[in-house]
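Please look over the chain and its ligand in the view below, and then work through the questions that follow.

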Amino acid sequence: MQPRCRDLLCSGWGLRLILKASMVTAAKETKVAQKSPDGDLMRRAFRNILLARATEEKLAALYRAGMIKGGVFLGKGQEALSTASSIFLKKGDIFGPLIRDQAGRIAFGDTILDTLRTYLGSASGPMRGRDGNVHRGRPRDGYYAMISHLGSLIPVVAGGLYAKRMRGETGMVGVTSIGDGGTSTGAFHEGVNLAAVERLPLVVVIANNQYAYSTPNHREFACADLLDKAAGYGIAGFKCDGTDPAACLETLNMAVQAARTGGGPQLVVATLLRLVGHAEHDDASYVDPNLRKTKVGRDCLDVGTTQLLEAGLATAEDIAGWTKQAQAEVEDALNTAQRERGPDPNSEDWTAISTTRLVDGHYTAEDE
Ligand SMILES: Cc1ncc(C[n+]2csc(CCOP(=O)(O)OP(=O)(O)O)c2C)c(N)n1
Ligand SMILES: [Mg+2]
């Protein structure tokens, strides 16, 4: 298979596709579809961004009030990319979110109630109040529980896809995300290489938010652009402006479709800035203030608002109403989750959730 590296630059509603013949020859530019994502999709994605933002603002407030145990890692500024990562997925697909993927979780079907239940330790939550915050998931539904060890989700999602292939399933896609810092782990290399060799339908979304905790890009890797890694593995690569909701949707739509239709693994590199600290305990004072003033420091919510208004897809009143609805949904979920009990250590079945079915070697037909 010939290495091919497609550098997809997205500006506003338009897209330019640059085919890089090699890393040393001059890039040849080719125009591709100028059409923007459809209005319904844009509105759906925007409302998902709003809901993720409202949820995370509430989580930050709860954390400051001392009501959440453990760290609170937020994705402010990364919601458009995260939404686009999972919005094109269907039943049978796999989504492996990371710490800044609250928006992607919601777009994949996670509920705000289950989110708050997990953060508040409710026994009614998907982790039965026993596992912290970002590590929730429903593996049977293709919604993998996050692994903290950076890079590790890539071989796990690749393995899930491989297992599906061995069972004869077709047409599925797996999407997982990683930060710029996480691309330097051994697990990233092993996972992407495995997916490339096996031509698995895997989309790896790199959210290059310029820092790995306080370490800036130039201290993380020496390649000119993280997109160069795609050529190194012999897989397709896309680049997009992660602050631009329309560009994120267009890029992820292409990448997911390419993976779904036999194109093998796809690497998406999105450029943005996290607009909060690494977690809520961090003030991000190390972030270069000049970066915040550049395009990379834009808030995707503001960019999305402008896009909707300028394209006539929503009015300011619509957006104000959606914002209120999102906040009300979060309040409702909070009221419910706060009334629920935590796990009772005397009655709790301490079997690990993922292996409950293995207890006493008891398999059901569903496990086959
Ligand atoms: C293998 C591994 N090494 C170190 C850590 C500790 N750690 C957690 S988040 C983080 C920074 C990650 O930066 P990046 O991948 O750029 O993602 P971002 O936080 O910027 O979204 C580090 C070093 C970890 N979780 N896993
Ligand atoms: Mg980072």
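Q: Just after helix 5, which glycine takes a positive phi?
A: This is a predicted model, in which local features need pLDDT of at least 70, side-chain atom pairs count only at pLDDT 80 or more, and totals for chains, interfaces and linings use all residues. Residues are numbered from 1 along each chain as its sequence is written, while chains are lettered from A and ligands numbered from 1 in the order in which they are written. Helices (H or I, at least four residues) and strands (E, at least two) are DSSP runs, numbered from the N terminus. Just after helix 5 a positive phi of about 95° is found, and the residue that takes it is glycine 168.

Q: What does helix 5 reach from its first C-alpha to its last?
A: Helix 5 covers residues 153–166, which is 14 residues. The expected span of a helix is 1.5 Å times one less than its number of residues. For helix 5 the expected value is 20 Å, and the reach from first to last C-alpha is close to it, at 20 Å.

Q: Which elements do the buried residues of helix 5 pack against?
A: A residue is buried if 20 or more other C-beta atoms lie within 10 Å of its own, exposed if 12 or fewer, and partly exposed in between, with C-beta atoms placed from the backbone. Among the buried residues of helix 5 are Leu153, Ile154, Val157, Leu161 and Lys164. Contact requires C-beta atoms, placed from the backbone, within 7 Å. The elements packed against are strand 4 (94–96), strand 5 (174–179), helix 6 (186–198) and strand 6 (202–208).

Q: How many of the 16 residues of helix 8 are buried?
A: Helix 8 runs over residues 245–260, and its end C-alpha atoms are 22 Å apart, in agreement with the span at 1.5 Å a residue. The buried residues of helix 8 include Cys248, Leu252, Met254 and also Glu250. Helix 8 is mostly covered, and the number of its buried residues is twelve.

Q: Why is strand 10 largely enclosed by the rest of the structure?
A: On one side of strand 10 (residues 266–271), Gln266, Val268 and Ala270 are buried, and on the other Leu267, Val269 and Thr271 are buried. Strand 10 is largely enclosed because the number of its six residues that are buried is six.

Q: Which residue of strand 10 stands opposite isoleucine 206?
A: Two strands pair if DSSP finds at least two bridges between them, and strand 6 and strand 10 pair in the parallel sense over six bridges. Leaving aside neighbours within four places in sequence, isoleucine 206 is in contact with residues including Ile178, Leu226 and Val268. The residue opposite isoleucine 206 in strand 10 is valine 269.

Q: In strand 10, what is the bridge partner of glycine 237?
A: Strand 9 (residues 236–241) runs parallel to strand 10, and six bridges join them. The bridge partner of glycine 237 in strand 10 is leucine 267.

Q: Is alanine 316 buried or exposed?
A: Alanine 316 lies in helix 11 (residues 316–339). The C-alpha atom of alanine 316 is separated by 8.5 Å from that of threonine 305, eleven residues apart along the chain. Because alanine 316 has 10 C-beta neighbours inside 10 Å, it counts as exposed.

Conventions
Contact = placed C-beta atoms within 7 Å.
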